[in-house]
Amino acid sequence: EPFTSILPKPLAPINNKTLIEHIMSNFKNYNLNKFFVTINYKKEIIKAYFKDNNNYKIHFLEEKKPKGTAGSLRLLKNKVSSDFIVTNCDILVDINFHHLLDFHKKNKFDFTLIASKKKLKIPYGVCEVNQKNMCLNKITEKPEYNFFVNTGLYVIKKNVLKFLPLNQSIDMNEYINILLKKNKNI
């Protein structure tokens, strides 16, 4: 806000550059120069913005209707020949993409999810209560919890695209759960 009330998130300006340009510039720093951008919402604005921009080799993949955060990956099936990186266009992650790809390949992962450690501190005393008699078991003052949270950055092996359901909307968490059920290495 207020930019995103008019512009799609990828075109939100940050330091005289759009968010998507920051992301693509970071990839270009590692000689990763071919971009597939799936578009649906406010697609005409995004296409118009890049119409005369020769800095990036972009192929737009248009969704006729929204397919969710993972459904549009089906559009890549015949366009990629090897493992590829997927990123949401509303995040900035400082990472060495060569190290990421090496890690993915060396460990023979089918799908690599990049997570970030997040500490959550509860600013109150947390009560543990016996649910049967409602008596207090213990109280922990201002506990801290550590979690790994999804950043929205992934490396995907082409051959796992076949596990995406056809003609249906699917979000990335649902796709990952499908892959886990198929015993894929994540």
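Biologist: What does a side-chain oxygen of Asn 96 reach at the start of H4?
Modeller: The backbone nitrogen of His 98, to within 2.9 Å. This is a predicted model, where local features need pLDDT of at least 70, side-chain atom pairs count only at pLDDT 80 or more, and totals for chains, interfaces and linings use all residues. Residues are numbered from 1 along each chain as its sequence is written, and side-chain values use heavy atoms, with hydrogens and water left out.

Biologist: Ok, and which residues of helix H4 are buried?
Modeller: In H4 (residues 97-106), Phe 97, Leu 100, Leu 101 and His 104 are buried. Buried is under 20% relative accessible area, exposed over 50%, partly exposed in between (1.4 Å probe, protein chains only). Helices (H or I, at least four residues) and strands (E, at least two) are DSSP runs, numbered from the N terminus.

Biologist: What covers those buried residues of H4?
Modeller: The cover includes helix H1 (19-28), strand E5 (84-87), strand E6 (111-121) and E9.

Biologist: And which exposed residues sit on the face turned away from the buried side of H4?
Modeller: That face carries His 99 and Lys 106.

Biologist: Switching to Tyr 154, where is its place?
Modeller: Tyr 154 belongs to strand E9 (residues 144-156).

Biologist: Is Tyr 154 buried or exposed?
Modeller: Buried, with a relative accessible area of 3%. Leaving aside neighbours within four places in sequence, Tyr 154 is in contact (heavy atoms within 4.5 Å) with residues including Phe 84, Phe 111 and Met 172.

Biologist: How far from Lys 117 is Tyr 154 in space?
Modeller: They are 16 Å apart, C-alpha to C-alpha, and 37 residues apart in sequence.

Terms used. Polar contact = N/O pair within 3.5 Å; in protein donor to acceptor, adjacent residues only side chain to side chain.
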